[in-house]
Amino acid sequence: MATTTLTRPAEFVSSLDLAPAPRNAKALLGAPPKRLSVTTDAPSAKLDAGSIVSFVAGVGEQAQSDVLNSTLLAQLNSDYMYDREKQTEDWYKNYVYVLGKVGWVIQGFEFQKYDTSSQGLTMDKVVVEILETMMIGNELAIAASAIKALNSLSGDDGRIKLFGHSSSSNSGGSFQISSATEQNGTVAMKLGAFYMSYKTSQTDVLWWHYKSANVDIYKSGQGVTLDHDVYGQVRQSIITKLGDKAKTFVDDLPI
């Protein structure tokens, strides 16, 4: 059942509580983020708290802003409501609920345990392997490039620290990877969601070597579309609610 029915949508957004920026945000992220670059005629990618969001060529500036703001809103409200690592299923239920309430048409969101014979791969390669079942063509290539771009950053880069802060702990990890398109004014997104629990302590959610005996991986993915009539009612409310948090939690990923 689609989840876009709204009653007083702007009031819904205004009523949400959001997790604050980290108290040590300055030390965590380093220098304040520079103004985000916006590319519409070429592929691009952004780090959005615990999400890696990529855009194929042709996604307009407004559409990119809508994707980033709505997914950040859902993350920060879920972070306020639940512990992302200890209450992961509840966290994701709320995440999907918020996305649906602000205009994303979502047909269910079921997680399945991921089983593979692959051993010795780093987790980013395992994630790309999973994305191959969800995305095709440019969507997959650009999402994979965005993961590679994050991996290429130095360990003291603020974006690495931001993603780690938002997506992982020593005992588990939870993150989203998506690829957005826009055709004839319709914004769509292939949304891949992941969570995992470690049997041995880890510090980097995507860059350590996978061994099936050491981790349980759960995945969910589907195509979702944005109802412009609904989102038009909440766009400004979301911008207002996020305030300066968008500057703290969103940054460029050069691909």
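Where does Ala 49 lie?

Modeller: Ala 49 sits in the loop between strand 1 (44–48) and strand 2 (51–55). Before going on, note that this is a predicted model, where local features need pLDDT of at least 70 and side-chain atom pairs count only at pLDDT 80 or more, while totals for chains, interfaces and linings use all residues. Residues are numbered from 1 along each chain as its sequence is written, and side-chain values use heavy atoms, with hydrogens and water left out.

Helices and strands are DSSP runs numbered from the N terminus: helices are H or I with at least four residues, strands are E with at least two. The protein has nine helices and eight strands.

The phi of Ala 49 is near 55 degrees, a positive value in a residue other than glycine. Ala 49 has a relative accessible area of 2%, so it is buried. Buried means under 20% relative accessible area, exposed over 50%, and partly exposed in between, with a 1.4 Å probe and protein chains only. Asn 184 also has a positive phi, near 50 degrees. Asn 184 is in the loop between strand 5 (172–183) and strand 6 (186–198). With a relative accessible area of 84%, Asn 184 is exposed.

Strand 1 and strand 2 form a hairpin, with two residues between them. They pair in the antiparallel sense over five bridges. Pairing here requires that DSSP find at least two bridges between two strands. Within this pair, Lys 46 stands opposite Val 53 in strand 2. Strand 2 has another partner: strand 5 runs parallel to strand 2, joined by five bridges. There, Ser 54 stands opposite Ser 179 in strand 5.

Strand 2 is mostly covered, with five of its five residues buried. Both of its faces are covered. Ser 51, Val 53 and Phe 55 are on one side, and Ile 52 and Ser 54 are on the other.

A nonpolar core is a set of buried Ala, Val, Leu, Ile, Met, Phe, Trp, Tyr and Cys residues joined through side-chain atoms within 4.5 Å. The largest one holds 70 residues; Ile 52, Val 102, Trp 104, Leu 131, Ile 177 and Phe 194 touch the most other members. Strand 6 gives the largest share of this core, eight residues. In soluble globular proteins, nonpolar side chains tend to be buried together.

Val 102 lies in the loop between helix 4 (88–101) and strand 3 (104–105). Its relative accessibility is 0%, so Val 102 counts as buried. Its C-alpha atom is separated by 7.4 Å from that of Ser 70, which is 32 residues apart from it along the chain. Leaving aside neighbours within four places in sequence, the partners of Phe 194 include Tyr 92, Val 127, Leu 131, Ile 177 and Tyr 218.

Leu 131 belongs to helix 5 (residues 123–131) and is one of its buried residues. Helix 5 is mostly covered: seven of its nine residues are buried. What covers them includes helix 6 (137–151), strand 5, strand 6 and strand 7 (215–226).

Tyr 218 brings in the aromatic rings. Rings of Phe, Tyr and Trp (its six-membered ring) pair if their centres lie within 6.5 Å; planes under 30 degrees apart count as stacked, over 60 as edge-to-face and the rest as tilted. By this rule there are twelve aromatic pairs. The rings of Tyr 195 and Tyr 218 have centres 4.8 Å apart and planes at 15 degrees, so this pair is stacked. It links distant parts of the chain: Tyr 195 is in strand 6 and Tyr 218 in strand 7, 23 residues apart. Tyr 195 counts as buried, at 11% relative accessibility. Tyr 218 counts as partly exposed, at 24%.

Last, the whole protein. Buried residues make up 51% of its 255 residues. Among contacts between residues at least 6 apart in sequence, 73% join residues at least 24 apart.

Definitions and conventions. Contact means heavy atoms within 4.5 Å.
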